[in-house]
Amino acid sequence: MGTESLAAALEREHHEIDEGIAAFAASPRNPQPLARAIRALRRHIYLEEEFLFPLLGEAEPALRAPVFVMLREHAQIWNTLDALEREPGGSTGHALRRQLTSQLLHHNLKEERVLYPRADDTLPPSVAGRLRAFLSSGELPEGWVCVKARPVTRNAGG
Ligand SMILES: [Fe+2]
Ligand SMILES: [Fe+2]
């Protein structure tokens, strides 16, 4: 059995998520594919922000700038997901779905061209293996929100 590279596995997940959104667009009466795609996408973002991106930034400081851009885009995507969950149907849902598709198109291409190839080149095989395992069976921690979509916290004070 050949082992899929981490870049290939991440790219495959991008496509699976795209397919879920497209399936929902084709039959909006069935909410299952969209719900699944949203869950998968939030978990994908979690993996990138909590594990992949910090490891990449550590291995290659020059990647911190593109990572920063990806984090900002994650927040935009995250907000679209929140809105889409609130209103998946009707003209609002339609517009949100188109917005998400366009956001993902640009975001995913950049990751696939700039960041994922570096992951294959720089991460030790054991680390890449752990991240691949997460892609097949990992869970998004309850209540996790992507870094730049978190509410600004004020000091609690007394
Ligand atoms: Fe991403
Ligand atoms: Fe990604």
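Q: How far apart are the end C-alpha atoms of helix α1?
A: They are 30 Å apart in this predicted model. Helix α1 covers residues 6–26, so 21 residues at 1.5 Å a residue should span 30 Å. The two values agree.

Q: Which residues of α1 are buried?
A: They are L6, A7, A9, L10, E13, H14, I17, G20, I21 and F24.

Q: And what do those buried residues pack against?
A: They pack against α2, α4 and α5 (125–137).

Q: New topic. Which protein donors does the iron ion (ligand 2) have?
A: The donors are H14 (NE2), H44 (NE2), E48 (OE), E111 (OE) and Y116 (OH).

Q: What spacing do they follow along the chain?
A: It is H-x29-H-x3-E-x62-E-x4-Y.

Q: Where do E48 and E111 sit?
A: E48 is in helix α2 (residues 32–59) and E111 is in helix α4 (residues 90–122). They are 63 residues apart, so the pair links distant parts of the chain.

Q: Is E48 buried or exposed?
A: E48 counts as buried because its relative accessibility is 0%. E111 is buried too, with a relative accessible area of 0%.

Q: What about the other iron ion, ligand 1?
A: The two iron ions are 3.3 Å apart. E48 coordinates both.

Q: Which residues touch the most other members of the largest nonpolar core?
A: L6, L41, L52, F53, L100 and L115 do, in a core of 41 residues. The largest share, 10 residues, comes from α2.

Q: What does F53 touch?
A: Leaving out residues up to four places away in sequence, F53 touches E48, V67, M70, L71, H74, E111 and L115.

How values were computed:
Residues are numbered from 1 along each chain as its sequence is written. Chains are lettered from A and ligands numbered from 1 in the order in which they are written. This is a predicted model: local features need pLDDT of at least 70, side-chain atom pairs count only at pLDDT 80 or more; totals for chains, interfaces and linings use all residues. Side-chain values use heavy atoms; hydrogens and water are left out. Donors are N, O and S atoms within 2.8 Å of the metal (3.2 Å for Na, K and Ca); water is not among the atoms, so sites may look incomplete. Helices (H or I, at least four residues) and strands (E, at least two) are DSSP runs, numbered from the N terminus. Buried means under 20% relative accessible area, exposed over 50%, partly exposed in between (1.4 Å probe, protein chains only). The expected span of a helix is 1.5 Å times one less than its number of residues. Contact means heavy atoms within 4.5 Å. A nonpolar core is a set of buried Ala, Val, Leu, Ile, Met, Phe, Trp, Tyr and Cys residues joined through side-chain atoms within 4.5 Å.
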